[in-house]
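Open your viewer and get ready to click along. We will go one selection at a time, and each stop says what is there.

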Amino acid sequence: MTLIAAALAAITTVIALDGGGAASLFRHAYLVPVVAAALRFGAVGGGLAAAAAVLLSAPLVLPEIERSGVTTEAIEGLASFAVLGLVGVLSGVLKARAGHHRRRYEILVSIQRALSDEAALEVSLARLRAALAGRLRVDEIALIVRDDERLVIAGGERVAAGSLAARVLEGGRSAFVCDTGARGRPRRAFATPLLSGGRAVGVLAVERSGDISTGERAALETIGAHVGVALENARLVSRQRRFADELQDRVGAARRELEELDRAKSAFVAIASHELRTPLTALQGFSEILAVRRLPPEEVTRLAQVMRREARRLGRIVSDLLDLSRIERGLEPALCRIPVKIESTIEATVDLFRQGTASHPITAECESALPVVDADPDALERVLTNLVSNAIKYSPSGSTVRVGARALAGGVAIEVADAGRGIPADALSRVFEPYYRVPDAAGAAHGTGIGLAVVKALVEAHGGTVRVESAPAMGTRVTVVLPSAPRS
Amino acid sequence: MWALDQPCAPRAERLLADTPLALLVVLAVGAAVAMLLVEVSMLPAHAVRVVGVTAGQGALLATALAWASVSPASSVVAIALLGLAATASAVAAPGAAAYLAPALWISWLAARGQLDSLGLGTPVSLRAVATGALAGAGLSIHLLVSASRTLGVQVRVDHASEILSAIAYDVGANVLAAECFFRGALFNRAARRWPFAIAATVATAAYVLRYLVDPLLPKSPELVAGAVFYLALLGAINCWLLAWSQSLVPGVVSATLFFAAYRTLGPR
């Protein structure tokens, strides 16, 4: 600025020494500082430099006009000053416009940079705010973005109801406030919506002590639209990535589940084959003995009892497999429900096991006058058989297996308890899954891993519930609750 | 941040709100009566100037003080001091020193923080004062040079007592009242509702108009054109000084220097 002032003064001095006059050749030299001022300070700078040139030369030009009137030379000189002003202002305007364009492109680049990675919205917004604050030349700036139900704010704590930002966010239109009421220099505030798809997704708010010109407001609106689109794009990309990650996780989990299921089925086939083969071998062996040998009647009876037991076992396994097949197809087990007295079913099942095994004492304790349940007797027997069989299999020899029943409001609870090793807590939730076998138990006893799954399906088909309580080394208790039959 | 924290209520204040109309009417009636009395020779002729200064400058100053929410009593005191100073000045040239009284009264109000909204009493940097002085000096030099070359006047210091008396009037009445009203009050209010350019144009136009209707301004076309040119320039510069520095002091300095230079001009 000092250089420009010095140049203006020097040119004026030269004109004065030259004899002054409106048409002095040196007047054209004013163009240099005027254009320099326009390029340095814009339209205001160019205009002021031109005005200063006119002011400085006025004492030289005006007396001549006063003396000789408006001569051709005077008109030429005055026209030169008009051109000077025009050049100063125009150069400044063009320079300012070029500067605005450059700054706008820089801002757009900074917006893209700030939102280029997949940081959290809060981080991206803070980064964007910092980038804009450095370029918009405002005192304060805030960015507010809607993220579902919440507002993410950079540059403030909250958006008060009825505030400028809230109004723009609701109305979707820019708003300008000439005076915020601050003391001292008038403080302007401008807020413009961040638009995406014609919808306000947020607000860009700025404040400045001094003017925010119409041109600046238009530029801010454009920036708001760009920020809105960039934010929406960033959000879409982020959402897409998140969705892809989630999908990948789900596919991985499903694959692992399928692999586990596949392993379980393979194990099941092996176990089921073994389980089927054992009674078949017994039936085959004993039937061959009966066919080819003559045995005393007592021995024949014993062998026939063994064969009957193994045939029942075989039948049970086949029934379980059929039920499981129905369960896996999403069907409920086929039931033929009639009023059933629980006590007699329990007694019959317990008697059956007492005859078949001498290793575990089995007690049956039923409350008197239990309500009748509406159940399929065969299904109920299979439920009890599965539970008692499990209790015997997974508890040490000599330990007692307790079977009991008690009345509940609207139903009957059947409990089968053992004093076995128990089930680890982390396996409890999975014991009703088909093919699942508690890892420790797999080596302790034979089993297909479908018994409890069938129990659960059968009980639930009756409208009942089943739950397992267990503690390691304390035993396991399975409680089946069946609804009582409605009284006719 | 205001745009986020505060409710955005529309500001309904009018541009001329809080104008002390009653006081202005009293001043106008007083001036009219006084002039009538001068007309019928019940008052001496120089009473017209006393009344003119008191009513004219007093109206500007009272309005500025009222817009700054200063009590009416303070405005009345300022008007009274202006009247006393004008009277003292009319009686004898050294009486113009009494114009320091209104300036001191305004300074006292500013020191008490009552004139912050006018830009008085707020801190001002030496750089701002120097810029004001530079602007005033530049304009003064330009006036002295161009006026002495074109308007048939020249710098004359042979009437020093009159010059000092006029400068005292400028310090305590003319510049003080004009800067307080046209910049401190009018420009500041206009700037709160319009951009700088419009606010400065409104305040400067009113400022120029005030001098054009001043009976003391010579009515020759050259002088009127010169007055419009320099006063418009001075007004615009002072608006910028106030907006930039947030203080009225640089503008007061610049205007005082300009008017001091103007007072040194006399016919060739």
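**Stop one: chain A**

Select chain A and show its surface: the accessible surface comes to about 26,200 Å², and 57% of that belongs to carbon and sulfur atoms (Shrake-Rupley method, 1.4 Å probe). This is a predicted model, where local features need pLDDT of at least 70 and side-chain atom pairs count only at pLDDT 80 or more, while totals for chains, interfaces and linings use all residues. Residues are numbered from 1 along each chain as its sequence is written, chains are lettered from A and ligands numbered from 1 in the order written, and side-chain values use heavy atoms, without hydrogens and water.

Switch to cartoon view, and chain A displays twelve helices and twelve strands (DSSP runs: H or I of at least four residues, E of at least two). Of its 488 residues, 41% are buried (under 20% relative accessible area, 1.4 Å probe, protein chains only).

**Stop two: where the chains meet**

Now select both sides of the contact: 39 residues from chain A and 28 residues from chain B (heavy atoms within 4.5 Å). Together the chains bury about 2,700 Å² (accessible area lost on being put together, 1.4 Å probe, summed over both). On the chain B side, B:Met1, B:Leu4 and B:Arg192 lose the most area to chain A.

**Stop three: a salt bridge**

Zoom in on A:Asp179 and B:Arg192, whose side chains meet in a salt bridge at 2.8 Å, N to O (a Lys or Arg side-chain nitrogen within 4 Å of an Asp or Glu carboxyl oxygen). How many salt bridges are there between chain B and chain A? The count is one.

How values were computed:
Buried area is the accessible area (1.4 Å probe) that two parts lose on being put together, summed over both. Buried means under 20% relative accessible area, exposed over 50%, partly exposed in between (1.4 Å probe, protein chains only).
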